[in-house]
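This report describes side-chain contacts in one protein model. The sequence and the coordinates come first.

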Amino acid sequence: MSERKVLNKYFPPDFDPSLIPRRRQPKNSQQVVRLMAPFSMRCNTCGEYIYKGKKFNARKETVEGEDYFGIKIFRFYIKCTLCSAEITFKTDPKNTDYAAEHGASRNFEPWREEKAVEEEDRLAKLEEEENNPMKALENRTVDSKREMDILDALQDIRARNARNERVGQSVDLLERLHMEEIETEEDRERKLAEEEDEKLVREVFAKVPAPAASSSSSTGASSGATPEVITVKRKAGADEPDLKSLLPDSARALLSVASTIGAPALKKKKVEGKNALGIKLKGKAKAKT
């Protein structure tokens, strides 16, 4: 395996390459090449269709006596995939394509026919203009009119696009202004609500200066000290609801029961609970002993 990958070969010191006889090949020799069908074709012998890109082992040779501005033309020999009939085609450097020569016919390609027709029309038009100056003038007039029509159509399209763009920008501007108005209204309402809340808080909690302290403390303090400020909660007015009215019915019932029983009863119940606990502990202790 290692010898198969060797790139350098050994040449003895007395090796002379000029002594090797040169192999003489015929002038128009053929060589086997691997290629794909350059176009779709149909075999003339059996009618089999050969699609473009079908791979073949072909024989290649140089066409004798044919060239295009010094460019050689090559011929290829392939065999039909169904009947093994010989098919030949050659290169076409003039049209940068291939041309079917023998054994098969090229499938119809409409774009090739259109190009050929256009080329024929162009040549016929040029020949007619050379022989008839009035026809040349008419053709130039028709061409200029066609160009003017095309420019007018393009100008209309540009104007329509610009108008649509302006309309779109105006609509976007109106929508943006409407959104800004909505945002400003929302901000104004939010600001008013915050001011009302702050006003209510200031009414509930008011800061007033503290009363004057004793003479000893006032003498010890510096004259430039700021007066102390305390926060005074606002007293509930007559229009505010009672605390009991805000409680649920069950809580109010419990409060009424507690007020009828009184504090001593609660205390007695608490003492009885301790006594009962102590009795239980004593009973457990007796049981252990």
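The text below takes up salt bridges, aromatic pairs, charges over rings and a surface patch.

The model is predicted.

**Salt bridges**

The count of salt bridges comes to nine. Three of them are set out in the table.

| Salt bridge | N to O distance |
|---|---|
| Arg59 and Glu86 | 2.7 Å |
| Glu101 and Arg75 | 2.8 Å |
| Asp143 and Arg146 | 2.9 Å |

Arg59 forms a salt bridge with Glu86. Arg59 lies in strand 4 and Glu86 in strand 6 (residues 86-92), so this pair ties together parts that are 27 residues apart in sequence. Arg59 is partly exposed at 29% relative accessibility, and Glu86 is partly exposed at 37%.

Glu101 forms a salt bridge with Arg75. The two residues link distant parts of the chain, with Glu101 in strand 7 and Arg75 in strand 5, 26 residues apart. Glu101 counts as partly exposed, with a relative accessibility of 36%, whereas Arg75 has 15% and counts as buried, because the cut-off for buried is under 20%.

Asp143 is partly exposed, its relative accessible area being 27%, and Arg146 is partly exposed at 44%. Elsewhere, salt bridges with shared partners join Glu61, Arg75 and Glu101 into one network.

Glu61, a member of that network, is found in strand 4 (residues 55-68). Glu61 is buried, with a relative accessible area of 7%. The Glu61 side chain also has a polar contact with the side chain of Gln30, at 2.9 Å.

**Aromatic pairs**

How many aromatic pairs does the count come to? There are six aromatic pairs. One of them is formed by Phe76 and Tyr98, which are tilted, with 6.4 Å between centres and 55° between the planes. Phe76 belongs to strand 5 (residues 71-79) and Tyr98 to strand 7 (residues 97-102), so the pair ties together parts 22 residues apart in sequence. Phe76 is buried at 8% relative accessibility, while Tyr98 is partly exposed at 32%.

Tyr98 also pairs with Phe89; here the arrangement is edge-to-face, with 6.0 Å centre to centre and 75° between the planes. Phe89 is buried, and its relative accessible area is 1%. Ring pairs link Phe39, Phe76, Phe89 and Tyr98 into a cluster.

**Charges over rings**

Besides its salt bridge with Glu86, Arg59 has its charged end over the ring of Tyr77, at 4.7 Å from the ring centre. Lys60 lies over the face of Phe74, and the distance to the ring centre is 4.9 Å.

Lys55 is placed in strand 4. Is Lys55 buried or exposed? Lys55 counts as exposed, at 53% relative accessibility. Between Lys55 and Ile78 there are 9.8 Å in space, C-alpha to C-alpha, and the two are 23 residues apart in sequence.

**Nonpolar surface patch**

Met148, Ile150, Leu151, Leu154 and Ile157 make a nonpolar surface patch of about 450 Å². Met148 lies in helix 2 (residues 133-204). Met148 is partly exposed, with 48% relative accessible area.

Conventions: Residues numbered from 1 in each chain as written. Predicted model: local features only at pLDDT ≥ 70, side-chain atom pairs only at ≥ 80, totals over all residues. Heavy atoms only, no water. Patch = residues over 30% accessible without salt bridge, like charges linked within 9 Å, V, L, I, M, F, W, Y side chains within 5 Å. Areas by Shrake-Rupley, 256 points an atom, 1.4 Å probe, with all protein chains shown as cover. Salt bridge = Lys/Arg side-chain N within 4 Å of Asp/Glu carboxyl O. Helix = DSSP H or I, 4+ residues; strand = E, 2+ residues; numbered from the N terminus. Buried < 20%, exposed > 50% of the residue type's maximum accessible area, 1.4 Å probe, protein only. Phe/Tyr/Trp six-rings, centres within 6.5 Å; stacked < 30°, edge-to-face > 60°. Lys NZ or Arg CZ within 6 Å of the ring centre and 35° of its normal. Polar contact = N/O pair within 3.5 Å; in protein donor to acceptor, adjacent residues only side chain to side chain.
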